[in-house]
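Here is a friendly walk through a protein model, meant to be read with the structure open beside you.

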Amino acid sequence: MATHAVLSSGVNIWKSLACAKTELRLDLTLACGQSFRWRETAEGHWTGVMGGRVWTLTQTDDTLWYHVYKKTNRQVEASDRRGRGGISHMPEIKFIGSVKEEEEMPLATTLKHDTEEEEEMLRDYFQLNVKLGDLYREWGAVDPHLKHIADIFTGVRMLRQEPTECLFSFLCTSNNHISRIQGMVERLCQALGTPLCQLDQTSYNDFPSLSALADSSVEASLRELRFGYRARYLQQSAKQILDKHGLQWLEGLRGVSYLQARDALRTLPGVGTKVADCVCLMSLDKADAVPIDTHVWQIAKRDYKYAAGRELKTLTDKVHKDIGNFFRNLWGPYAGWAQSVVFCADLKKFQKLKDLPNVKRPKTEEGSEDEWRVACKKTKVKTQMNMKSRCKRKSKMPVKEERVL
């Protein structure tokens, strides 16, 4: 049976590109609630589906290593014959590229064109053209809190996902947490997506197409898979996109302004401001989109002394807008990227990183009061607030469960 690739078994089936961990940390970026399709299949090795292909990624200090599992002609034919609607079963699949088949399929069988295309796909997916180290320095110069956590949570990079996958994955996130969302997205792909390969008895399917999601049978099928009320949102949103806009509409939103894209997404069933902001940030090239939920609201109050709306019990549209503007004024045009760093640093699953030896520990708030006062004064928002009390007030909040961004 085909197995997941492991770098220690030999590098000749792997390809690589230069990328320092300060520019990308796979363990943080792939597990912080941006994408729900990556799993750690061996220590430091992440396997998932991207661009209709199954990948395993790992890294050393200055190199990103990747292996793509190739489909055979027989597998391609099976995928072409497969129907798009309803619940399906994973067929038996043979594929090329596992470590155990290394001798049968030497590296020479991989075309140069494939190598160049795959490298470009990775660079685009991780947006490696953006110099993350420069952004960290810019944010640290204006934000003492981010500066203090930067040495621990380095390399948190924003993904550039395929818009359909990003939108319909985030439709599963309401009242949910990361591990449960991962299960739902996986069931969605197994039910409606095209089979790609099978590794160590784990089946990998592509994300469903809009046509597959819009089928009239989908809502009932997804309810059987425990999607609850979200099942209707997925089917109706897909149908609305196809009926009113067409297949290219979502990708076309990359070419309009952030507010235009967000407002367009909010016309879809089940898409509120937070989901729309996530899709804008993670797939539509809107780096200034700052998704706000109750978790981020609490971070703003606790770590940034944000006082507006403190007396409110629920997150209103006005507070959502004001907090977003607060962070955009603080962090600049890549505010959404900066927010992902502080969000990641607050997830329960990553708290153990703060206890590792030889890591610079953040200063306490008491020890950096002057820095907070300067940062607060530099950040101007329209919301009226008492700047002096905002910079001095202390609030306590326990570490949150792994809520999605």
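## A strand with two partners

Leu17 has Leu64 of strand E5 as its bridge partner. Strand E1 (residues 15–18) runs antiparallel to E5, with 4 bridges between them. E5 also pairs with strand E4 (residues 53–60), again in the antiparallel sense, this time over 7 bridges. Within that pairing, Trp55 sits opposite Val68 of E5, and a hairpin of 2 residues links E4 to E5.

## The chain as a whole

Stepping back, the protein chain holds 18 helices and 8 strands. Of its 405 residues, 55% are buried. Its accessible surface is about 18500 Å², and carbon and sulfur atoms account for 50% of that area.

Taking the contacts between residues at least 6 apart in sequence, 73% connect residues at least 24 apart.

Helix H4 (residues 132–142) buries Leu132, Gly133, Leu135, Tyr136, Trp139 and Gly140. Why do these residues share one side of H4? They span an arc of only 155° around the axis, and this places them on the same side of the helix. Arg137, Glu138 and Ala141 are exposed on the other side of H4. The cover over the buried residues of H4 includes helix H5 (144–149), helix H15 (317–331) and helix H16 (335–346).

Helix H12 (residues 258–265) has Tyr258, Ala261, Arg262, Ala264 and Leu265 as its buried residues. Viewed down the axis of H12, they fall within an arc of 165°, so they line one face of the helix. Helix H11 (249–252), helix H13 (273–283) and H15 are included in what covers them.

## The nonpolar cores

The largest nonpolar core has 105 residues, and those touching the most other members are Phe126, Trp139, Phe153, Phe168, Leu265, Phe327 and Trp331. Another core lies apart from it, made of 13 residues that include Leu7, Ile13, Val49 and Tyr69.

Setting aside residues up to four places away in sequence, Phe168 touches Phe207, Leu210, Leu213, Leu234, Ser237, Ala238 and Ile241. Ser237, one of these, belongs to helix H10 (residues 230–244). Is Ser237 buried or exposed? Ser237 counts as buried because its relative accessibility is 0%. Beyond its neighbours within four places in sequence, Ser237 contacts Phe168, Leu171, Leu268 and Pro269.

## Where to read with care

The mean pLDDT of the protein chain is 84, and 78% of the residues reach 70 or more. Residues 72–78 have pLDDT below 50, and this stretch makes 11 contacts in the model beyond near neighbours in sequence. Residues 81–110 are also below 50, and that stretch has 73 contacts in the model beyond near neighbours in sequence. Where pLDDT is low, the predicted coordinates should not be read in detail.

Definitions and conventions:
Residues are numbered from 1 along each chain as its sequence is written. This is a predicted model: local features need pLDDT of at least 70, side-chain atom pairs count only at pLDDT 80 or more; totals for chains, interfaces and linings use all residues. Side-chain values use heavy atoms; hydrogens and water are left out. Buried means under 20% relative accessible area, exposed over 50%, partly exposed in between (1.4 Å probe, protein chains only). Contact means heavy atoms within 4.5 Å. Accessible areas come from the Shrake-Rupley method with a 1.4 Å probe; for residues, only the protein chains shown count as cover. The arc is that of the directions from the helix axis to the C-beta atoms. Two strands pair if DSSP finds at least two bridges between them. pLDDT is the predictor's confidence in each residue, from 0 to 100. A nonpolar core is a set of buried Ala, Val, Leu, Ile, Met, Phe, Trp, Tyr and Cys residues joined through side-chain atoms within 4.5 Å.
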